[in-house]
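These are my notebook entries from a first look through this structure.

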Amino acid sequence: MATEKLVITDREITRAKKMAEAGETPDGKPFIFTDEKFTGLRLMVQAKKASWIVRWGDNSVTIGYVHPVGDRTITAPKTVRDLAATVMGILKDDPTKARPFLDAHWSGQSKSAALQAVHKTADTWTLRECVEQTIEGKTAPDAKHKIGANTVKDYRGTFSRDVFQKVLDKPAVFVTRGDIESVRDHVKKHVGASPAIKVITYTRAVLDYCARNHAGQSGLDKIDAWWHFLNAPFEIKPRNRRPEVESIVATLLLAEEYLMKPLPGRAQGVNGTNPGTLAGLWWLVLTCQRATAGMSLLAHDVVTDPDSNEFLLAAWAEDVMKAGQAHVLPIPDRAWAKINSFREKGRHAGSQEWAFPSERKKDAHATASGVYRILYRLAGRDALVQEVKVERKGKKVPERTQRRDLLKEAGIDWWSLHDLRRSLTKVLDENGIPGGATVILAHDIHEKSELAVTASEREREDFQRLRTARITKMAYGGAQYIALKKEAMRIWTDAVLDEYERQKAAKSAILNAAE
């Protein structure tokens, strides 16, 4: 480790920055400038960082950076020494308070406010507490700008990411713009642009809510609203994938093939798909509903259409729909029969609560991610390293050996459940009913009703009778465009099912010829 002891000036700062930018030091080891003007202050270059460090005894703390440039960049020698003097005093008094002070300082607080805040860490909310208070406040019955269940799920999904946990445990007054930007960048790199944008959106929302409604308890009355300057310097590129019906059906047939055998190269020797989840995939393909709402369908919300022996009616309450409005959709008997052929073979078939019960938990519904996982596993996009026991029944369990994209091997381009909406639109446009996709995907009638799982058989029968009447009234009340929906649903589901029968017959013919 090379060290130069001198008075650090702009010249040394420039040298340190150039070394950090290049990621190189003269001997390839950490390089340190030790300041003769302020004892205990160092400028250390290591890898691609040039850091200001204050040291007292066995304790040291990084007070800022020359490189990389960020919200803790500091390059003026006098400013560095002034900050170093304050931190040195804290290190001598109580080393544990140095980092909280720096967090407060870099969050925009004045020196006096930051020093005062160091002694208030136990009296103000952490960012995690701010998140909980925001959710509680925005879901209260009398909330001014109430948020729904799906938004709450988004909040929790965003703040539950591992990379967020250390930041969440900081007092909100110590959280910095750099903290959130670091989380944003990690999520963008490892998850995607849309989840990264949610990091910015929901952080702003939480801090705004607490600053306006709980300023004293959160401590946010003491700092400037730096979170208003948070930004996502990227955009989500519009998707234009539109799988053809042939590709959609080929995927369904491929998934069906693995009901009876494991996917290749997997460590666990279990079947690649299961009937209950495959029923969910068929359901989302034939209805083109949003995955989360689609899988949240209550069992008692699928009823016989009293005006037609060729349709059932499915209804979603407003609290599970993204638009916050209830939705009724006619389901052709032929489509329901295909879905039911898999649904009835599910592990928890016959659930009185959920139309599509989870294969794992009896009292839960299948999830959107569970259905999506069929597509991910077929495309080999799931984790290559799988957690397995070393031995099972005395036999060593093989590790996963390969990552095969079965979709690509079958000539199928990757597609997502959301892409089905564009496929639906194309098919209906080609059949002369361009408004069909709009009414199938739209949400129009306000309605909310639930049936307790613990209800008695008599209560269940009475509820179902009333519920059927209510759904029928919703369907034929005029605003749901039920006739147009029926025509559109018949065209779309027939297109998928006709192609399924064609491909299955062709596949059988090939197998028979090979025997």
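**Entry: Phe356 and its surroundings.** I looked up what Phe356 touches, leaving aside neighbours within four places in sequence. Counting heavy atoms within 4.5 Å as contact, I found Ala279, Gly280, Trp283, Gly294, Met295, Leu297, Trp336, Ile339, Arg343, His365 and Ala366 around Phe356.

A note on the source: this is a predicted model, where local features need pLDDT of at least 70 and side-chain atom pairs count only at pLDDT 80 or more, while totals for chains, interfaces and linings use all residues. Residues are numbered from 1 along each chain as its sequence is written, and side-chain values use heavy atoms, with hydrogens and water left out.

**Entry: the cores.** Next I asked which residues have the most contacts inside the largest nonpolar core. A nonpolar core here is a set of buried Ala, Val, Leu, Ile, Met, Phe, Trp, Tyr and Cys residues joined through side-chain atoms within 4.5 Å. Buried means under 20% relative accessible area, exposed over 50%, and partly exposed in between, with a 1.4 Å probe and protein chains only. The largest core has 62 residues, and Leu281, Trp282, Trp283, Ile331, Phe356, Leu378 and Leu417 have the most contacts inside it. Apart from that core lies another, of 34 residues, with Phe33, Val61, Leu83 and Ile90 among them.

**Entry: the sheet.** I then turned to the strands. Helices (H or I, at least four residues) and strands (E, at least two) are DSSP runs numbered from the N terminus, and two strands pair if DSSP finds at least two bridges between them. I noted an open sheet of 3 strands, in the order E6-E7-E8, with antiparallel pairing. Its edge strands are E6 and E8, each pairing on one side only. Neighbouring strands are turned by 30° against each other on average, direction ignored. For such angles, axes are lines fitted to C-alpha atoms, for helices over the stretch in contact; angles run from 0 to 180 degrees between N-to-C directions.

Helix H14 (residues 333-343) packs on the sheet and touches E6, E7 and E8, its direction making about 85° with that of E8. Helix H20 (residues 482-514) packs there too, touching E7 and E8, at about 45° to the direction of E8.

**Entry: how the strands pair.** Between E6 (residues 302-304) and E7 I counted 3 bridges, with Val302 opposite Ala314. The hairpin joining E6 to E7 passes through 6 residues. Between E7 (residues 311-316) and E8 there are 6 bridges. Phe311 has Pro332 as its bridge partner, Leu313 stands opposite Pro330, and Ala315 stands opposite Val328.

Entry: Is strand E8 (residues 327-332) enclosed or open? I found 6 of its 6 residues buried, so E8 is largely enclosed by the rest of the structure. In a regular strand the side chains alternate between the two faces of the sheet. In E8, one side has His327, Leu329 and Ile331, the other Val328, Pro330 and Pro332, and all are buried. E7 is mostly covered as well, with 6 of its 6 residues buried: Phe311, Leu313 and Ala315 on one side, Leu312, Ala314 and Trp316 on the other.

**Entry: aromatic rings.** Searching the whole structure, I got 13 aromatic pairs. Rings of Phe, Tyr and Trp (its six-membered ring) pair if their centres lie within 6.5 Å; planes under 30 degrees apart count as stacked, over 60 as edge-to-face and the rest as tilted. The rings of Phe31 and Phe33 have centres 5.0 Å apart and planes at 65°, so this pair is edge-to-face. Phe31 counts as buried at 4% relative accessibility, and Phe33 is buried at 0%.

Trp283 and Trp316 make a tilted pair, 6.1 Å centre to centre with 35° between the planes. Trp283 sits in helix H12 (residues 275-287) and Trp316 in strand E7, so their pair ties together parts 33 residues apart in sequence. Both Trp283 and Trp316 are buried. I also noted one aromatic cluster formed by Tyr155, Phe159, Phe164 and Tyr202.

**Entry: charges over rings.** Last, I checked for a charge over a ring, meaning NZ of Lys or CZ of Arg within 6 Å of the ring centre and within 35 degrees of the ring normal. Lys92 lies over the face of Trp56, at 4.6 Å from the ring centre. Lys188 lies over the face of Phe234, at 5.1 Å.
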